[in-house]
Amino acid sequence: MVAIKKILVYIAVFAIAIGAGSIISTVCAQISAMSWLAIQPSFGFEPFNINLIILDFTFGLNVHLTVAHIIMLIIAIFVSPKVVSSLVKGNE
């Protein structure tokens, strides 16, 4: 049970980091000196369809990652073990 709690806290910390990176990149895009945080390379592949008469599947993947996202994820990697150890107490 403790392992599940740890995994959920790790997921929450990384989700918060991604959300904070989105907010930071949106706000900094309007400021000329900080606009480098909003640089956004995109990669992935275009959606394609598979038609199986009964079912029609559409698959596609596009990733938009800003510099602010990368910085926040690096911070989350270093901070998350401390957050997990302080929030999840168990017998191990």
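Of the 92 residues in the protein chain, 16% count as buried. The model is a predicted one. The protein chain exposes about 6900 Å², of which carbon and sulfur atoms supply 72%.

The C-alpha trace spans about 55 × 45 × 15 Å along the principal axes of the protein chain.

## Secondary structure and contact range

The protein chain contains 2 helices and 2 strands, and these follow the pattern α-β-β-α when read along the sequence. Helix H1 covers residues 2–28, strand E1 covers residues 42–51 and strand E2 covers residues 56–64.

Among contacts in the protein chain with a separation of 6 or more, 59% involve residues 24 or more positions apart. Ala-3 belongs to helix H1 and is partly exposed, its relative accessible area being 49%.

## The strand hairpin

Strands E1 and E2 run antiparallel and are joined by 8 bridges. Within this pairing, Asn-49 has Thr-58 of E2 as its bridge partner.

The hairpin of E1 and E2 has 4 residues between the strands, and in this hairpin Ile-53 adopts a positive phi near 65°.

## Aromatic residues

Four phenylalanines, Phe-45, Phe-48, Phe-57 and Phe-59, form one aromatic cluster. The count of aromatic pairs comes to 3. One of them is formed by Phe-45 and Phe-48, a tilted pair with 6.2 Å from centre to centre and 35° between the planes. Phe-45 counts as partly exposed at 41% relative accessibility, and Phe-48 is likewise partly exposed, at 39%.

Phe-48 also pairs with Phe-59: the ring centres are 5.8 Å apart and the planes stand at 40°, so this pair is tilted. That classification follows because planes under 30 degrees apart count as stacked and those over 60 as edge-to-face, with the rest counted as tilted. The pair links distant parts of the chain, with Phe-48 in strand E1 and Phe-59 in strand E2, 11 residues apart. Phe-59 has a relative accessibility of 39% and therefore counts as partly exposed.

Ser-25 lies in helix H1. With a relative accessible area of 9%, Ser-25 is buried, because that category takes in values under 20%. Ala-3, which is also found in helix H1, is instead partly exposed at 49%.

Two kinds of neighbour can be described for Ser-25. A polar atom of its side chain lies 3.0 Å from the backbone oxygen of Ser-22. Leaving aside residues up to four places away in sequence, Ser-25 touches Leu-37, Ala-38, Thr-66 and Ala-68.

Methods: Residues numbered from 1 in each chain as written. Predicted model: local features only at pLDDT ≥ 70, side-chain atom pairs only at ≥ 80, totals over all residues. Heavy atoms only, no water. Pairing = 2+ DSSP bridges. Buried < 20%, exposed > 50% of the residue type's maximum accessible area, 1.4 Å probe, protein only. Polar contact = N/O pair within 3.5 Å; in protein donor to acceptor, adjacent residues only side chain to side chain. Contact = heavy atoms within 4.5 Å. Phe/Tyr/Trp six-rings, centres within 6.5 Å; stacked < 30°, edge-to-face > 60°. Areas by Shrake-Rupley, 256 points an atom, 1.4 Å probe, with all protein chains shown as cover.
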